[in-house]
Amino acid sequence: MPKPRVGIFGLTGCAGDQLVILNCEDELLDIVDLVDLRDFVMASSARDAECPLEVAFVEGAVVTEEDERRLRQVRERAATLVAIGTCAVWGGIPAMPGEAPRRELLRLVYGDVGEQYGDGEARAVKEVVKVDAEISGCPIEKEQFLKALAYLLNGDMPLLPSYPVCSECRIQENHCLLMGEGAFCCGPLTLAGCGARCPSLGVACIGCRGPAPDANVPSAVRLFASNGYGHDEIVSRLTTFAPVAAGRSA
């Protein structure tokens with residue numbers, strides 16, 4: 001039986017999720033033994049850019065016309081498309097609301113070279129094409145990628161956490177930074193899967209994994225306000241990684 005053909009692609013982003021995959025050092029030989037990796041520019045310049053794919057993993061937000069064109073091509077090639085990373089799942093940092101128009105920011109940062117970049121609004125992958133599964137994270141967790149790949153190789157959709165980081169904090173028996181210290185901790189709103197890494201180290205969750213499915217943003221806003229945070233700061237923090245999801249309710 002032939003091995004499933006897999007492609008890994010990057011749009012506008014930092015490529016951190018692709019790097020996590022390459023950092024699966026102990027498992028890489030097993031991965032390439034199980035799949036036919038046809039298209040992964042970060043790993044190899046030898047690529048098949050046209051063959052059909054059983055699975056495509058896509059990182060990054062859709063910002064430019066080239067991003068959209070490439071994404072639609074990948075979607076046409078792939079039987080299953082998996083968005084990986086907060087930028088792909090929620091728009092992430094590229095979708096943050098800015099105080100200046102994108103065209104002006106491009107000019108300030110890149111000068112005349114900025115003219116070659118599109119000034120469109122950053123979008124999540126699912127806003128442009130059909131997405132079959134999502135692995136959130138900034139970057140994704142290595143263990144979640146490996147688990148998702150195992151599910152897909154068995155013909156199943158990945159089953160990943162759908163509860164908030166607060167649940168992981170409880171499991172770790174962490175002191176609550178939100179209720180105990182009044183810290184601006186996004187744990188109640190944020191999708192679990194990181195093992196509550198930051199709160200376990202005494203650092204408030206910043207919401208980098210995007211919102212949990214049942215995140216109660218209005219309730220959290222009231223709680224943050226009762227702890228002395230102003231409305232503008234609350235909105236700014238909650239719209240850093242998933243502005244579309246958080247901004248509507250804040």
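The structure is a predicted model in which local features need pLDDT of at least 70 and side-chain atom pairs count only at pLDDT 80 or more, whereas totals for chains, interfaces and linings use all residues. Residues are numbered from 1 along each chain as its sequence is written, and side-chain values use heavy atoms, with hydrogens and water left out.

**Figure 1. Overall fold of the protein.** The protein contains 12 helices and 5 strands (DSSP runs, H or I of at least four residues and E of at least two, numbered from the N terminus). The C-alpha trace spans about 60 × 50 × 25 Å along its principal axes.

**Figure 2. The stacked pair Phe184 and Phe224.** The ring centres of Phe184 and Phe224 lie 3.9 Å apart, with 15° between the planes, and the pair is stacked (centres within 6.5 Å; planes under 30 degrees apart are stacked, over 60 edge-to-face, the rest tilted). Phe184 lies in the loop between helix 8 (177-181) and helix 9 (197-200) and Phe224 in helix 10 (residues 217-226), so the pair ties together parts that are 40 residues apart in sequence.

Figure 3. Phe184 counts as buried at 5% relative accessibility, as does Phe224 at 1% (buried is under 20% relative accessible area, exposed over 50%, partly exposed in between; 1.4 Å probe, protein chains only). Ring pairs join Phe184, Phe224 and Tyr229 into a cluster.

Definitions and conventions
Rings of Phe, Tyr and Trp (its six-membered ring) pair if their centres lie within 6.5 Å; planes under 30 degrees apart count as stacked, over 60 as edge-to-face and the rest as tilted.
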